[in-house]
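Dear colleague,

Please find below the structure that I am handing over to you. My notes on what was found in it follow directly after.

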Amino acid sequence: MLCLVSAPNLVNLETVSKAYPDQVVLDAVSLGIAAGQRVGVVGRNGDGKSTLLRLIARADEPDSGRVVHTGGTRIAVLGQTDGLRDDASVRDQLFGDADAHEWARDPRVREILTGLFGGLDAPVLPEGLDSRIGVLSGGERRRVDLARVLSEDADLLLLDEPTNHLDIEGIAWLASYLNSMRAAIIVVTHDRWFLDEICDRIWDVQRGNVFEYDGGYTAYVLARAERERQASVAEEKRQNLMRKELAWLRRGAKARTGKAKYRVDAANELIANEPPPRDTAELVSFATGRLGKTVFEAENVTVKAGDQTLLEHLDWILGPGKRVGLLGVNGAGKTSLLRTLANALDEVQPAAGRVKVGRTVKLAWLTQHMEDLDGSWRVLEAIENVAKRVQLGKKEMSAGQLAERLGFLGGKQRTFVRDLSGGQRRRLQLARLLMAEPNVLFLDEPTNDLDIETLTQLEDLLDDWAGTMVVVSHDRYFTERVADETWALLGDRKLRHLPRGIEEYLERRADKSAAPQAKSKGPSNAPQSSAAEDRATQKELSKLERRLAKVEEKIAGLYADMAEHATDPAKLGELQDQVTAFETERDEIEERWMELAD
């Protein structure tokens, strides 16, 4: 009789506990990861997700229990910070002393370099593979570290927020590449689309415990709802919110639910009669009552950055209740388009054409830069300084209730602004924006630094918000969840409606990238100088994109400094001068980018 014995786990955690002075992170947790398994780790910020990865990697020791590695298990780690040497080159960090012919012939290495850096010679980096680590931007360093991890011959990859600094195309490439690997993977990420795309198991870290679920994010939501229903421990608001997300996952994203590894019948019963997450017709009607028939109407508009034309002959109606996801590569003109619309509120018209604005438009624009707030304010005080109460659709709530919905529970509403983390400041910025009761929202990367639970709460809040919304985000799940239609800037001076959403955008971008390659396979008697000019142009475009990313990072850093020196007028003035200078440089870079792109 043949007896089949399953292979041992690569790593086992046996009753592992870990605590810090103010929090028990893990309490007698036992887990295992098998060869080839794909695990997504979710939970609130600060609940111990990164600590769990460090324990598995043996970069940290448990207070009790033990972490056991099967003999010979090779582990590669992408941490929140990298261990790259500033004085080393990218080539040294990725390949050491190996000759080029040794690594360049490896299909895996070629795919990684092309996917992350645009080619074998890494044209998107300042000096290609010879670039010094110390001169790279934060996003470039992150890609180098990710390339290092993916290039290692490991049995288990531990990835902490691998999608940071990647755009929608980069995230799609990474998911595809990881799905082609044979290694086991444990990934901490807030990107729910990414979790659904690559994971066959979810670990949910909550208050010292780790709950395990089969399947990707969709299956996890179904199973968690059923577990909470059976245990009868979830409060009514959480149950209602969970049912709403279930309804959207089942009805609003059919392709995604098809990836669920199994169905949970009892959880499905929870949403048998659940309406869609939002009543679009009712919201449009309510928005029309607040805004009238006109919000923004662009008629034959030309959008420019300096002397360079980004968009021309633009006719676009952004009507009451519209929820738009706006896509496009850096430099294509997303921010310039929004700025053109916003400027029309101050009666500043574009270079050509006209933007008509409704008389009742009240715009709120959430940028990537943190709002300059008085550090001595407490969280609730900072929100109440905008308003005491807010009307969101048919619901009215106090400043404290809104703060709670965005993760400021109990005593956290008494926290000083100066003591908030980046993610907490982002949530406070969102709360203040919503308290102002705008009827038009421009949201630029609103999901930065937010955990999944906060993202879900934000989506629920936006479901009740009646107005016109434009969302610019690399978070594919969030964009699909809150936007009803997708528009894209593809670098051809046109704004295009994409009926099939982000999938269509990725297809069009892939076709655009393939076109130059097809052209290069033309007749051999084509002028060689044209190919050389194309390479030079592409190289300069890559350099401009790197400069733009660095300038954006510097601007973000200056805004953070301004928040820290909120009570020092002299320092604030100095920092504001630096911000103005960098913003001018950013406009010049975008102008040159568009000139070359043409």
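**Two loop residues with positive phi**

A122 is placed in the loop between α4 (107–117) and α5 (138–151); helices (H or I, at least four residues) and strands (E, at least two) are DSSP runs, numbered from the N terminus. The phi of A122 is near 50°, a positive value in a residue other than glycine. Most residues other than glycine have a negative phi. A122 counts as buried, at 0% relative accessibility; here buried means under 20% relative accessible area, exposed over 50% and partly exposed in between, with a 1.4 Å probe and protein chains only.

E347 also has a positive phi, near 65°, and is likewise a residue other than glycine. Its place is in the loop between α13 (334–345) and β13 (352–357). Is E347 buried or exposed? E347 counts as exposed, because its relative accessibility is 71%.

**Basis of the model and confidence**

The model is predicted: local features need pLDDT of at least 70, side-chain atom pairs count only at pLDDT 80 or more, and totals for chains, interfaces and linings use all residues. Residues are numbered from 1 along each chain as its sequence is written, and side-chain values use heavy atoms, with hydrogens and water left out.

The mean pLDDT of the chain (the predictor's confidence in each residue, from 0 to 100) is 82, and 83% of its residues reach 70 or more. Among the elements of the chain, strand β7 (residues 184–188) has the highest mean pLDDT, 96, and helix α10 (residues 254–257) has the lowest, 44. Over residues 1–5 the pLDDT is below 50, and this stretch has zero contacts in the model beyond near neighbours in sequence; contact means heavy atoms within 4.5 Å. Over residues 253–264 the pLDDT is also below 50, but this stretch has 29 contacts beyond near neighbours in sequence. Where pLDDT is low, the predicted coordinates should not be read in detail.

**The chain as a whole**

The chain has 21 helices and 20 strands. Of its 598 residues, 52% are buried. Its accessible surface comes to about 27400 Å², of which 47% belongs to carbon and sulfur atoms; the areas come from the Shrake-Rupley method with a 1.4 Å probe, and for residues only the protein chains shown count as cover. Among contacts between residues at least 6 apart in sequence, 69% join residues at least 24 apart.

**The six-stranded sheet**

An open sheet of six strands has the order β14-β17-β18-β12-β19-β20, with mixed pairing; two strands pair if DSSP finds at least two bridges between them. The edge strands, β14 (363–366) and β20 (495–497), each pair on one side only. From one strand to the next, the twist averages 20°; axes are lines fitted to C-alpha atoms, for helices over the stretch in contact, and angles run from 0 to 180 degrees between N-to-C directions. Strands of a sheet pair through backbone hydrogen bonds, either parallel or antiparallel.

Within this sheet, β12 (residues 323–328) and β19 (residues 485–489) pair in the parallel sense over five bridges. The bridge partner of G325 in β19 is T486.

T468 lies in strand β18 (residues 468–472). T468 is buried, because its relative accessible area is 0%. Leaving aside neighbours within four places in sequence, T468 is in contact with residues including L291, V295, L318, K322 and N439.

**The β15–β16 hairpin**

Strands β15 (residues 389–392) and β16 (residues 395–398) run antiparallel and are joined by four bridges. They form a hairpin with two residues between them, and G393 in the turn has a positive phi of about 65°. R389 stands opposite S398 in β16, while the bridge partner of Q391 is E396. V390 and L392 make up the covered face of β15, and R389 and Q391 the uncovered one.

Helix α6 (residues 168–180) has 13 residues and reaches 19 Å from its first C-alpha to its last, close to the 18 Å expected at 1.5 Å a residue; the expected span is 1.5 Å times one less than the number of residues. Among the buried residues of α6 are I168, W173, L174 and Y177.

Y477 is found in helix α18 (residues 476–482). Y477 is buried, with a relative accessible area of 0%. The C-alpha atoms of Y477 and F194 are separated by 8.6 Å, although these residues are 283 apart along the chain.

With kind regards
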